[in-house]
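Open the model in your viewer and keep the selection tool ready. Each stop below says what to select and what is there.

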Amino acid sequence: MTTMYQDRPLGAGVHDPATEPFFAATANGSLRIKLCVSCRKPHWYPRPLCPYCLGDTEWSDAAGKGVIYSVSVTRRAGPIPYAIAYVRLDEGVTMLSNIVDCDLDSVCIGQRVHVVFKPADDGTMIPMFAPDQG
Amino acid sequence: MSIRRKACITGAYEHPTRKAPDKTVAQLHAECARGALEDAGLRLEDVDGYFCAGDAPGLGANSMADYLGLRPRHVDSTDTGGSAYLVHVSHAAQAIAMGKCDVALITLAGRPRSEGSSGVAPRLTGAGTPDVPWEAPYAPVTVNMYALAANRHMHEYGTTSEQLAWIKVAAATHAQYNPNAMLREPVTVDDVLASPMISDPLHRLDCCVVSDGGGALVVVRPEIARSLKRPVVNILGAGEAIKGQLNGQVDLTFSGAAWSGPRAFEEAGVKPSDIQYASIYDSFTITVLMQIEDLGFCEKGKGGRFVADGNLISGVGKLPFNTDGGGLCNNHPANRGGMTKVIEAVRQLRGEAHPKVQVAHCGLALAQGTGGLLGSRHGSATLIMERA
């Protein structure tokens with residue numbers, strides 16, 4: 001079975017004080033995560049206060065590389081099938097995302113992936129992940 | 001301080017409707033309230049505590065308490081999704097133990113079937129929900145947020161689709177005896193595997209029904225329960241928990257039942273092997289499997305083997321579950337399955353389940369609920385009850 005990735009409408013990005021610096025970075029091709037300035041732990045999803053200690057947090061560039069923790073190809077939630085996944089970044093946090101630019105039926109847990117950016121309906125660049133070659 | 005034997009469930013009612021386009025949600029709540037109070041042998045004016053969750057229309061408990069004509073001296077609108085009604089039973093027992101009320105009414109109702117709700121529709125979340133900007137673009141829907149947990153479970157422990165299908169087979173075996181069940185036809189493992197794939201690895205028959213309806217419970221002080229005509233069902237212990245993404249250390253191998261379950265068993269002073277009947281929330285087959293492991297009915301990772309070969313079928317297996325047909329076959333009112341889980345456990349303890357599925361001499365039962373999404377963030381509640 002082959003289910004080639006197709007673009008689907010992503011809706012508009014949500015722009016608020018919590019997301020604005022993140023989407024400013026994705027517009028320039030960069031994925032950022034948050035670190036606590038007190039306890040230095042990374043967390044996901046990004047928050048202005050650390051969910052470990054309620055300390056202030058700062059942005060940090062992530063390499064955009066990781067491994068698929070779990071994945072599911074959703075086939076009947078609309079006309080276009082898509083692969084929803086949790087990707088564990090090499091920085092040690094796991095984020096919900098989509099796996100793109102491949103045969104979705106070939107995607108599996110444990111696969112190495114790298115970040116790519118797909119435009120939402122309003123042009124906001126949304127980080128997604130594609131399998132590494134080989 | 002514990003709630004052990006401090007309060008009793010004396011009224012339980014499941015609305016028979018599965019499709020109610022001509023009734024409002026408020027009316028369904030009221031019909032459930034009437035049913036549970038009639039079952040208990042109590043009157044509306046006896047109620048001095050009221051509990052409802054997010055399915056209740058209006059602001060918290062305000063609108064429904066007024067609509068029902070109540071003058072409660074204790075209210076609680078805790079909302080942990082489908083697990084909320086188990087939390088309400090626990091909170092009602094706490095309130096009764098503290099003297100804050102004597103007769104607590106808990107209601108649930110909804111019309112997702114008439115309103116066209118679906119497990120593949122985007123989940124509506126209020127503006128300002130903090131996780132939405134980070135997740136909505138990836139199209140999480142109800143079913144794929146359970147499928148992610150199922151795939152990880154299969155990867156870690158070798159769980160199979162055939163094993164998951166046995167959960168549906170057991171529910172359907174029970175549902176054939178429930179005249180109100182939405183799906184009454186028995187199914188086979190092959191039927192489940194042949195049904196359309198919705199989101200890998202969950203097929204259509206791994207998913208619960210979408211139904212209109214509701215239910216209600218009445219929780220009272222033990223002296224009141226003993227003065228009424230119904231069999232006395234004691235609340236022995238309860239636990240609750242919220243499990244989320246763990247700050248990005250996502251772990252889909254366990255549910256919040258791993259936290260709420262031990263708390264309930266400790267308070268009740270019993271162990272999993274003592275339980276004679278279990279209502280386990282079955283939004284999807286994987287939900288049941290993970291909660292069974294997390295409650296300690298089997299070792300973590302061995303749930304697939306545990307649920308296979310009819311082990312959940314009453315009269316056949318070791319752990320009779322969801323003898324009303326559960327959410328998979330009977331009813332999932334308001335897309336919140338916790339209420340019906342408690343109701344069937346009460347039927348079992350009273351000896352009032354269908355004779356074909358009644359557990360002999362059922363003296364100790366458990367009800368387990370989750371609410372929200374197994375794969376991202378959910379509430380969990382565990383309730384242990386005994387026949388006095």
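Start with helix α1 of chain B, residues 25-40. Check its length. At 1.5 Å a residue, its 16 residues should span 22 Å; the end C-alpha atoms are 23 Å apart, so the two values agree. This is a predicted model, and chain B has a mean pLDDT of 97, with 99% of its residues at 70 or more.

Which residues of α1(B) are buried? Select Val25(B), Leu28(B), His29(B), Ala30(B), Glu31(B) and Cys32(B). Now show their cover. It includes strands β1 (8-14), β4 (103-110) and β7 (213-220) of chain B, along with helix α2 (62-68) of chain B. Step past the end of α1(B) to Gly41(B), where phi is positive, near 80°.

Next, go to Ser211(B). It sits in the loop between β6 (202-203) and β7 of chain B. Is Ser211(B) buried or exposed? Count the C-beta atoms within 10 Å: there are 29 others, and 20 or more make a residue buried, so Ser211(B) is buried. Leave aside neighbours within four places in sequence, and Ser211(B) is in contact with Arg18(B), Arg113(B), Met182(B), Asn331(B), His332(B) and Pro333(B).

Now select helix α10 of chain B, residues 285-294. How many of its residues are buried? The count is 10 of 10, so α10(B) is largely enclosed by the rest of the structure. The buried residues include Thr285(B), Met290(B), Gln291(B), Glu293(B) and Asp294(B). Colour what they pack against. The helices are α5 (142-157), α6 (161-175), α9 (257-268) and α11 (303-307) of chain B. The strands are β9 (277-280) and β10 (364-372) of chain B. After α10(B) comes Gly296(B), with a positive phi near 90°.

Keep α10(B) on screen and bring up α6(B). They pack at an angle of about 100°, with axes 9 Å apart. That angle makes α6(B) roughly perpendicular to α10(B). On the α6(B) side, pick Leu164(B), Ile167(B) and Lys168(B). On the α10(B) side, pick Thr285(B), Ile286(B), Val288(B) and Leu289(B). By class, this contact of α6(B) with α10(B) has 5 nonpolar, 1 polar and 1 charged residues.

Move to another helix pair. Select α3 (residues 84-97) and α13 (residues 338-350) of chain B. Their axes are 6 Å apart, at an angle of about 60°. The two helices are therefore oblique to each other. Ala84(B), Tyr85(B), Leu86(B) and Val89(B) of α3(B) meet Gly338(B), Met339(B) and Val342(B) of α13(B). This contact of α3(B) with α13(B) has 6 nonpolar residues, 1 polar and no charged ones.

Finish at the interface. Here 32 residues of chain A are in contact with 28 residues of chain B. On the chain A side, the elements giving two or more residues are β2 (42-43), β4 (65-74), β5 (82-89) and β6 (94-99) of chain A. Which element gives the most? Select β4(A), which gives 6 residues. By class, the side of chain A that touches chain B has 20 nonpolar, 9 polar and 3 charged residues. For the complex, the predictor gives an ipTM of 0.98 and a pTM of 0.97.

Key: Residues are numbered from 1 along each chain as its sequence is written. Chains are lettered from A and ligands numbered from 1 in the order in which they are written. This is a predicted model: local features need pLDDT of at least 70, side-chain atom pairs count only at pLDDT 80 or more; totals for chains, interfaces and linings use all residues. Axes are lines fitted to C-alpha atoms, for helices over the stretch in contact, and angles run from 0 to 180 degrees between N-to-C directions. Helices (H or I, at least four residues) and strands (E, at least two) are DSSP runs, numbered from the N terminus. Angles under 35 degrees count as roughly parallel, over 145 as roughly antiparallel, 65 to 115 as roughly perpendicular and the rest as oblique. Two residues are in contact if their C-beta atoms, placed from the backbone, lie within 7 Å. Ala, Val, Leu, Ile, Met, Phe, Trp, Tyr, Cys and Pro count as nonpolar, Asp, Glu, Lys and Arg as charged, and the others, Gly among them, as polar. pLDDT is the predictor's confidence in each residue, from 0 to 100. The expected span of a helix is 1.5 Å times one less than its number of residues. A residue is buried if 20 or more other C-beta atoms lie within 10 Å of its own, exposed if 12 or fewer, and partly exposed in between; C-beta atoms are placed from the backbone.
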